[in-house]
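Okay, everyone, thanks for coming. I'd like to walk you through one model today, so let me put it up on the screen.

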Amino acid sequence: MLDRLPMAVQAGFWGSVAGGALVLGAVIGYWARLPQRLIAAVMAYGSGVLISALAFDLMDEAWRRGGFLASATGFVAGGLLFTLANLWLSRHGAKHRKRSGARQPTEHDHAGSGLAIALGALIDGIPESLVIGTSLLDHGGHVGLIAVAAIFVSNVPEGLSSAAGMRTAGRSPRYVFGLWTAISVVLGLAALLGNLAFAHAAPEVLAASTAVAAGAILAMLADTMIPEAFEVAHDGTGLITVLGFLSAFALSRAGG
């Protein structure tokens with residue numbers, strides 16, 4: 001039944017589904033009071049899942065569509081753009097936006113940090129939404145379920161860890177759940193708009209845009225999710241990340 005809807009509407013739906021995982025994670029992280037080691041383990045697992053999706057779905061598709069130059073240029077550009085944005089956010093109180101412990105600042109500690117954390121969550125999520133929006137173009141009108149599943153699985157620990165940190169920083173439930181709900185809606189719109197924007201793009205342009213998103217996502221994992229996981233889980237982080245990678249790889253091969 002979903003296939004009967006316009007492609008852009010489908011993209012918005014799947015973007016909202018993946019973004020909704022942030023809300024799910026936030027609910028668990030804010031109310032469940034999970035051990036930090038468990039949160040870190042889930043972060044590591046989600047990182048492995050996303051790395052696998054980047055390697056075997058996004059970059060592979062970009063290379064087949066546009067060749068090495070378009071893919072490589074986009075990939076490096078995405079990493080550079082995220083790094084610059086993350087540096088700006090770090091200076092405005094959002095450096096530890098995914099930390100579940102006492103590292104997130106309060107408004108008293110750093111005025112404007114709440115807004116910076118919200119902007120950081122958007123910057124982290126928009127490349128993933130663009131991937132979902134363009135995946136329908138890559139797969140002939142059918143969403144790339146592997147990419148959606150990988151993003152969903154990785155978004156749960158993102159929302160979980162960040163909401164736990166927000167609770168520790170003294171932010172109210174209204175702020176936390178309002179923030180993540182708004183972000184999930186915006187990410188659905190980003191997937192819809194991404195699909196519309198690239199609907200008639202040349203293969204090289206579509207390949208470069210996919211690679212930009214992939215580079216931004218990988219830089220996000222290296223700068224935010226993996227450090228949070230390693231800080232708490234320590235030597236177990238590598239193995240848990242490997243298991244996440246293997247899970248997504250097995251799913252992609254089964255789906256292929």
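This is a predicted model: local features need pLDDT of at least 70, side-chain atom pairs count only at pLDDT 80 or more; totals for chains, interfaces and linings use all residues.

Arginine 64 and glutamate 61 both sit in α2, three residues apart, which is about one turn of the helix. Those two form a salt bridge, with the closest N and O atoms 2.4 Å apart. Now, what else does arginine 64 pair with? Its side chain also meets aspartate 60 in a salt bridge, at 3.4 Å, N to O. Aspartate 60 and arginine 64 are four residues apart in helix α2, so about one helical turn separates them.

Glutamate 61 has another partner too: its side chain and that of arginine 65 meet in a salt bridge at 3.8 Å, N to O. Because arginine 65 and glutamate 61 are four residues apart in α2, about one helical turn lies between them.

Let me zoom out for a second. The protein chain has seven helices and zero strands. Along the sequence the pattern reads α-α-α-α-α-α-α. There are 256 residues in the protein chain, and 51% of them count as buried. Looking at contacts with a separation of 6 or more, 84% come from residues 24 or more positions apart.

Serine 90, in helix α2, is 30 residues away from glycine 120 in sequence, and their C-alpha atoms are 9.1 Å apart in space. Serine 90 has 26% relative accessibility, so it goes down as partly exposed.

Okay, on to the inside. In soluble globular proteins, nonpolar side chains tend to be buried together. In this model, the largest nonpolar core has 32 residues, and the ones with the most contacts inside it are Leu50, Val131, Ile132, Ile217, Met220 and Leu221.

If you leave aside its neighbours within four places in sequence, leucine 50 is in contact with Glu128, Ala150, Ile151, Ser154, Ile217, Met220 and Leu221.

Next, α4. This helix has 24 residues and reaches 35 Å from its first C-alpha to its last, close to the 34 Å expected at 1.5 Å a residue. It's mostly covered, too, with 18 of its 24 residues buried. Just after α4, glycine 170 takes a positive phi of about 90°.

One α4 residue I'd like to point at is asparagine 155. Is it buried or exposed? Asparagine 155 has a relative accessible area of 2%, so it is buried. Apart from neighbours within four places in sequence, asparagine 155 is in contact with Ala18, Gly19, Ala21, Leu22 and Glu128.

Last stop, the outside. The accessible surface of the protein chain comes to about 11300 Å², and 71% of that belongs to carbon and sulfur atoms. On the surface there's a nonpolar patch formed by Tyr45, Val153, Leu239, Val242 and Leu243, with about 420 Å² of accessible area together. Which helix gives the most to the patch? That's α7, residues 236-255, with three residues. Tyrosine 45 comes from helix α2, which spans residues 36-90. At 31% relative accessibility, tyrosine 45 counts as partly exposed, and the patch rule asks for over 30%, so tyrosine 45 clears that cut-off.

Okay, that's my tour; over to you for discussion.

How values were computed: Residues are numbered from 1 along each chain as its sequence is written. Side-chain values use heavy atoms; hydrogens and water are left out. Patches are made of residues with over 30% relative accessible area and no salt bridge: like charges are joined within 9 Å, nonpolar side chains (Val, Leu, Ile, Met, Phe, Trp, Tyr) within 5 Å. Accessible areas come from the Shrake-Rupley method with a 1.4 Å probe; for residues, only the protein chains shown count as cover. A salt bridge is a side-chain nitrogen of Lys or Arg within 4 Å of a carboxyl oxygen of Asp or Glu. Helices (H or I, at least four residues) and strands (E, at least two) are DSSP runs, numbered from the N terminus. Buried means under 20% relative accessible area, exposed over 50%, partly exposed in between (1.4 Å probe, protein chains only). A nonpolar core is a set of buried Ala, Val, Leu, Ile, Met, Phe, Trp, Tyr and Cys residues joined through side-chain atoms within 4.5 Å. Contact means heavy atoms within 4.5 Å. The expected span of a helix is 1.5 Å times one less than its number of residues.
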